[in-house]
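Reader: Before I set anything up with this one, could you walk me through it? I would like to begin with the charged side chains and move on from there.

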Amino acid sequence: MATTETQTLLTRLTALSQQVPEDLAEPTIGTEALLAGLAALRQQVPEDDALRRQLSHALSQALVAVERPLETVHRISFAPLQLTMTKVAIDLNLFEILVAKDEPMSLAELTQATGADPVLIARILRYLAAFHLLAETGVDRFQATAVTQTLTVPGFAAGIKHHFEVQLPAWGALPAFLAATHYQNPCDRERTAFQQAHQTDQTVFAWFMGGSAPPRLFEEFSRWMSAQRVGQPIWLDVFPLERLLPSATAPTTTTTTTTTTTAPTTAPASASPSPLPPLFVDVGGGVGHQCVELLQRLPHWHGRVVLEDLAPVVAQARPHAGFERRAHDFWTPQPVVGAGVYYLRNVLHDYPDEQCVRLLGLQRAAMGPRSLVLVDEIVCPARGAGPAVVDMDITLMACLAAQERTLAHWTRLFRAAGLALVEVVPYVMEGGHSVMVLERLVEGAGEGEEI
């Protein structure tokens, strides 16, 4: 769709949200034009992401506006069924079968391909078609769509499985859990709806990795974590590292100390300490995705890049000779002192405020005069937060007694740890993903303040 046509459609959707025609069954010039615009949108979605987000928001508002009360209750009440039936389809390999065929398939063909009962398959397919997860091209004939293809991506399919098997039980336990705690904001990671739902006294990650949960559940979670950011901008796309790390930007002057990344090689699980100054410490950095990205973009920086995480995680680090692997529990003092940057990505939102202050304090204690802490997290809008942000916030509450935070909340938390927020650099507008730049406050300032 052309930009002018899209803007016209946005205007009509907004008008519909504000005043719904009394008789939607009786077409008018305005509603006919709106329906035509929506039909055109289905054929060609705008490439501009900001415009696409505006359309998505306007469409969701219009949908709520045109619903009858009973339809609203039905939509809310039956929402979990979409996750349930998508999981069933994945288990049956239905989406992959349809995508591989790349043309309409009959009910008989799909019955034979899955080995399931034909009456059951017909009911499942009818449900999936009603929610546009595949196309119903005729009586008992079905075909893959772009949405079907999306659900065959291994990481996305893993996300469906993860949310059904791990998150959905915790969501279901949340009302009773909150009632039992007299609606106090959860702040104990060992006492959440997750423990109640899965009948365990372990925290989520201990449950995943300690043998209580089937290994495939953590594998699915890991694949989902990796897949959901594929194709999205990352912090290095927008962050001015050269400006923030002047002491570490000078290229090496001899070939013996230059780090190159054009041909990564496998490094040992634990690299020997280097005489070079520490440039970048990825605290709780998993298998090193961010370290690799940094080195690929800045291959000539003269300084050490250090990955820190628990020993079993670091043992699985990505093969790359340019960064050190260091087994480290981040609840103990930071062993790398005076680094240019201490980087924490999606770490703090997994913890209640008091634990965040403690963790940040450990990094502050290791900072030098020019050190920075970079916190890569969602910044929740003070008003008008979108579904992706609030979904994550409630999920964190149910499973980790944690939360997403507004900028004001982040600022208070940083000051309580003796750190000052000096800059916020957004890089994924839709989800609020941003890098927050922190400097060390003068001794004693802010520490102990109420969050």
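**A buried arginine and its surroundings**

Author: Arg189 is buried (under 20% relative accessible area, where exposed is over 50% and partly exposed is in between, with a 1.4 Å probe and protein chains only), yet Arg189 has no salt bridge, meaning a side-chain nitrogen of Lys or Arg within 4 Å of a carboxyl oxygen of Asp or Glu. The nearest side chain of opposite charge is that of Asp350, 5.9 Å away, where Lys and Arg count as positive and Asp and Glu as negative, with His and the chain ends not counted. Please keep in mind that this is a predicted model, in which local features need pLDDT of at least 70 and side-chain atom pairs count only at pLDDT 80 or more, while totals for chains, interfaces and linings use all residues. Residues are numbered from 1 along each chain as its sequence is written, and side-chain values use heavy atoms, with hydrogens and water left out.

Reader: Then what does the side chain of Arg189 reach at 2.4 Å?

Author: The side chain of Arg189 reaches the backbone oxygen of Asp350 at that distance, 2.4 Å.

Reader: Where does Arg189 lie, and which residues is it in contact with?

Author: Arg189 lies in the loop between α10 (154–180) and α11 (193–198); helices here are DSSP runs of H or I with at least four residues, strands are runs of E with at least two, and both are numbered from the N terminus. Leaving aside neighbours within four places in sequence, Arg189 is in contact (heavy atoms within 4.5 Å) with residues including Gln195, Phe205, Asp350, Tyr351 and Leu400.

Reader: How many salt bridges does a search of the whole structure find?

Author: The search finds nine. One of them joins the side chains of Arg75 and Glu67, at 2.6 Å from N to O; Arg75 counts as partly exposed at 35% relative accessibility, whereas Glu67 is buried at 14%.

Reader: And which residue forms a salt bridge with Asp91?

Author: That is Lys87, with the closest N and O atoms 2.7 Å apart. Asp91 and Lys87 are four residues apart in helix α5 (residues 79–91), so about one helical turn separates them. Lys87 counts as buried, at 10% relative accessibility.

Reader: Which pair links distant parts of the chain?

Author: Arg405 forms a salt bridge with Asp353, the closest N and O atoms being 2.9 Å apart. Arg405 sits in strand β9 (residues 405–406) and Asp353 in helix α17 (residues 353–366), and the two are 52 residues apart. Arg405 counts as buried at 1% relative accessibility, and Asp353 is buried as well, at 12%.

Reader: Which residues are linked in a network of salt bridges?

Author: Glu165, Arg216 and Glu220 are linked in such a network.

Reader: Changing topic to the strands, in what order do the three strands of the open sheet come?

Author: The order is β1-β3-β2, with antiparallel pairing, and two strands pair if DSSP finds at least two bridges between them. β1 (105–106) and β2 (135–138) stand at the edges with a single partner strand each, so one side of each is left without a neighbour in the sheet. β2 and β3 (residues 141–143) pair over three bridges, and Ala135 stands opposite Gln143 in β3.

Reader: Now helix α7, please: which of its residues are buried, and why do they line one face?

Author: The buried residues of α7 (residues 107–114) are Leu107, Leu110, Thr111 and Thr114. Seen down the axis, they fall within an arc of 105 degrees, so they line one face of the helix; the arc is that of the directions from the helix axis to the C-beta atoms. On the other side of α7, Ala108 and Gln112 are exposed.

Reader: What do the buried residues of α7 pack against, and what follows the helix?

Author: They pack against α6 (94–101), β1, α8 (118–130) and β3. α7 is followed by Gly115, whose phi is positive, near 75 degrees.

Reader: Last, how many helices and strands are there, and how much of the chain is buried?

Author: The chain comes to 19 helices and 11 strands, and buried residues make up 43% of its 451 residues.

Notes: Polar contact = N/O pair within 3.5 Å; in protein donor to acceptor, adjacent residues only side chain to side chain.
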